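Thanks for coming. I have one structure to walk you through today. Please look at the sequence and the model as they come up.

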Amino acid sequence: MWGHPWLRCPPCSLSPQAGMDGAPPPASPAGLSAYVAVSQLLGLTLLATTGAWLGRYRGGVAWHSPLQFNVHPLCMVLGMVFLQGDALLVYRVFRHEAKRSTKVLHAALHGLALVIALVGIVAVFESHRTKGIPDMYSLHSWCGMAAFVLYLLQWLLGCGFFLLPGASSSLRGRYKPQHVFFGIALFALSIAACLLGITEMLLFNIKDSYRHFVPEGVLANTLGVLLLAFGLVVGYVLTRDDWKRPPLAEELALSMDFKTLTEGETPDGGSQ
């Protein structure tokens, strides 16, 4: 009996979501689990569709070969769309876990997405250099590079403000709205860049037959629709105010203690 984690904590540290001793945490809000499940189904399907397109019609993926370019779309869809979207959903899915653990997972998924995207960027630059193709002249390349650079900046600022010690509570509070907004905006920009890239690839490779509804064009268009659907579902989950992660009781207490220590405020709002 004494091995239960709640019994090793003082009563004041229990989460309000837990209710009575021994009671399980409350279920997720109605509909949230279904939307998250749909988002993951769409995400896995768009990854499989990307692989099928590159494998069936573009010859597959390899690094030291003429197929090196194909690493680029695979990595960008995996990193800048799927993993970025899942990182954004962390605070909706892990609602009753410790805030610190949730922050670390959120930052780790974004960091992994950045590493994978960087591999894709290196692949396309090396492929262009080998084939003598100029870089950074298309709208797709401009939007894609902007998304990556801003995404990296967003990640660094997020780690600095929320993961690492040093930022005051008031400073975090002022920056949080910008962090949330640009997180969703960069996710949308990443999807837009992928859609531009799909169109660019189709026009380069099947320009003359694209208008005849050839199978490759239909499959690539399907991938574009899946990207839009994934973005819309993730965006809907993120913008539902009643699906936001509620603060746990111990988090509210720690937040008050942190504010008192860093800003000289007492719990009643006065100053020491």
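A word on the ground rules. This is a predicted model, so local features need pLDDT of at least 70, side-chain atom pairs count only at pLDDT 80 or more, and totals for chains, interfaces and linings use all residues. Residues are numbered from 1 along each chain as its sequence is written, and side-chain values use heavy atoms, with hydrogens and water left out.

First, the overall view. The protein chain has seven helices and zero strands. Helices here are DSSP runs of H or I with at least four residues, strands are runs of E with at least two, and both are numbered from the N terminus. From that end, the order reads α-α-α-α-α-α-α.

How much of the chain is buried? Of the 272 residues in the protein chain, 39% are buried. Buried means under 20% relative accessible area, exposed means over 50%, and partly exposed is in between, with a 1.4 Å probe and protein chains only. The accessible surface of the protein chain is about 14,900 Å², and 71% of that belongs to carbon and sulfur atoms. Those areas come from the Shrake-Rupley method with a 1.4 Å probe; for residues, only the protein chains shown count as cover.

Now contacts, meaning heavy atoms within 4.5 Å. Take the contacts in the protein chain with a separation of 6 or more: 71% of them join residues 24 or more positions apart.

Next, helix pairs. Helix 2 covers residues 71-93 and helix 6 covers residues 215-239. They pack at an angle of about 20°, with axes 10 Å apart. Axes are lines fitted to C-alpha atoms, for helices over the stretch in contact, and angles run from 0 to 180 degrees between N-to-C directions. So helix 2 is roughly parallel to helix 6. The cut-offs: under 35 degrees is roughly parallel, over 145 roughly antiparallel, 65 to 115 roughly perpendicular, and the rest oblique.

Who makes that contact? On helix 2, the residues include Val77, Val81, Phe82 and Arg92. On helix 6, they include Leu227, Phe230 and Val234. By class, the contact of helix 2 with helix 6 has ten nonpolar, one polar and two charged residues. Nonpolar covers Ala, Val, Leu, Ile, Met, Phe, Trp, Tyr, Cys and Pro; charged covers Asp, Glu, Lys and Arg; the others, Gly among them, are polar.

Helix 2 also meets helix 4. Their axes come within 13 Å and cross at roughly 45°. Helix 2 and helix 4 are therefore oblique to each other. From helix 2 come His72, Met80 and Gln84; from helix 4 come His140, Ala147, Phe148 and Tyr151. This contact of helix 2 with helix 4 has four nonpolar, three polar and no charged residues.

On to single residues. Histidine 72 sits in helix 2. Is histidine 72 buried or exposed? It is buried, at a relative accessible area of 12%. Beyond its neighbours within four places in sequence, histidine 72 is in contact with Gly120, Ile121, Ala123, Val124 and His140.

Glutamine 68 lies in the loop between helix 1 (32-57) and helix 2. Glutamine 68 is buried, with a relative accessible area of 6%. Histidine 128 is 60 residues away from glutamine 68 in sequence, yet their C-alpha atoms are 9.6 Å apart.

Glutamine 154 belongs to helix 4 (residues 139-163). Glutamine 154 is buried too, with 11% relative accessible area. Outside four places in sequence, glutamine 154 is in contact with Tyr175, His179, Phe182, Gly183 and Leu186.

Leucine 219 is in helix 6. At 21% relative accessibility, leucine 219 counts as partly exposed. Leucine 219 and threonine 49 are 170 residues apart in sequence, and 7.5 Å apart C-alpha to C-alpha.

Last, backbone angles. Most residues other than glycine have a negative phi. Methionine 136, in the loop between helix 3 (99-131) and helix 4, has a positive phi near 55°. Phenylalanine 213, in the loop between helix 5 (169-205) and helix 6, also has a positive phi, near 55°. Methionine 136 is partly exposed at 32%, while phenylalanine 213 is exposed at 71%.

That's the tour. Over to you.
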